[in-house]
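I opened my notebook to look over a new structure. These are my entries, in the order I made them.

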Amino acid sequence: MLGCVLLYVGIVLISNGLATIEKISDKSMAVMNIFTGGLSLILNIVSLSYGIVTNQPNTYFFGSATGLLFAFTYLYTAINTIFELDNRLYGYFSLFVAINTIPAGALCFYGFGGNAIYGVIWWAWGVLWLTGFLTNNLKMNLGKFPAYLSVIEGVVTAWIPGFLMLVNMWPK
């Protein structure tokens, strides 16, 4: 499941970043955000349900809960874009997620929720989510840094790992 979701997280991060860099309409970005957020939502609900049915909540709940952070990020972004809503609440959501990446990443170094590579990836994502708070709530002008960071992280932390997971070549 994770490989499938990460593959699409990769393209949504890349396309969102490129749209900002190339000044493509925000509403154009909403399509891939809906696809990726919807896919992530469905797969994480299935995983949560499987954990309940098989009575393995510790195995499935953490992964699903953190996976839903992605689903809601992309759905939140799409809805805000389509309806031209105030992004400040999204900024606070981004701060909440960024804070959660700190312990999520640390736990990976202890073998919970992944390995050390996952830990570094979580922290990289945390920086990207933090830019959402800095730009939307603190009104910091970070220029195109968040857009370039989104493209780079889309490739390095999502697309490549997701693809490698799908072909069973990702380190365990």
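Entry one. I noted that this model is predicted. I then looked for a nonpolar patch on the surface. I found one formed by Val-31, Ile-34, Phe-35, Ile-79, Ile-82, Phe-83 and Leu-85. Together these residues have about 660 Å² of accessible area. I asked which elements give two or more residues to the patch. They are α2 (26-53) and α3 (57-82). The most comes from α2, which gives three residues.

Entry two. I picked Phe-83 out of the patch. I located Phe-83 in the loop between α3 and α4 (88-108). Is Phe-83 buried or exposed? Its relative accessible area is 57%. Exposed means over 50%, so Phe-83 counts as exposed.

I turned to α3 and checked its span. This helix has 26 residues. From its first C-alpha to its last, α3 reaches 36 Å. That is close to the 38 Å expected at 1.5 Å a residue. I also looked at what follows α3. It is Glu-84, with a positive phi near 50°.

I looked up the UniProt record, an unreviewed entry. It annotates "transmembrane region" at residues 29-53, 60-83, 89-110, 117-135 and 147-167. I checked two of these spans in the model. Residues 117-135 are 100% helix and 0% strand. Their end C-alpha atoms lie 28 Å apart. Residues 147-167 are 95% helix and 0% strand. For that span, the end C-alpha atoms are 29 Å apart.

How values were computed. Residues are numbered from 1 along each chain as its sequence is written. This is a predicted model: local features need pLDDT of at least 70, side-chain atom pairs count only at pLDDT 80 or more; totals for chains, interfaces and linings use all residues. Side-chain values use heavy atoms; hydrogens and water are left out. Patches are made of residues with over 30% relative accessible area and no salt bridge: like charges are joined within 9 Å, nonpolar side chains (Val, Leu, Ile, Met, Phe, Trp, Tyr) within 5 Å. Accessible areas come from the Shrake-Rupley method with a 1.4 Å probe; for residues, only the protein chains shown count as cover. A salt bridge is a side-chain nitrogen of Lys or Arg within 4 Å of a carboxyl oxygen of Asp or Glu. Helices (H or I, at least four residues) and strands (E, at least two) are DSSP runs, numbered from the N terminus. Buried means under 20% relative accessible area, exposed over 50%, partly exposed in between (1.4 Å probe, protein chains only). The expected span of a helix is 1.5 Å times one less than its number of residues. UniProt positions are given in the numbering used here, feature names are shortened, and annotations may be inferred rather than shown by experiment.
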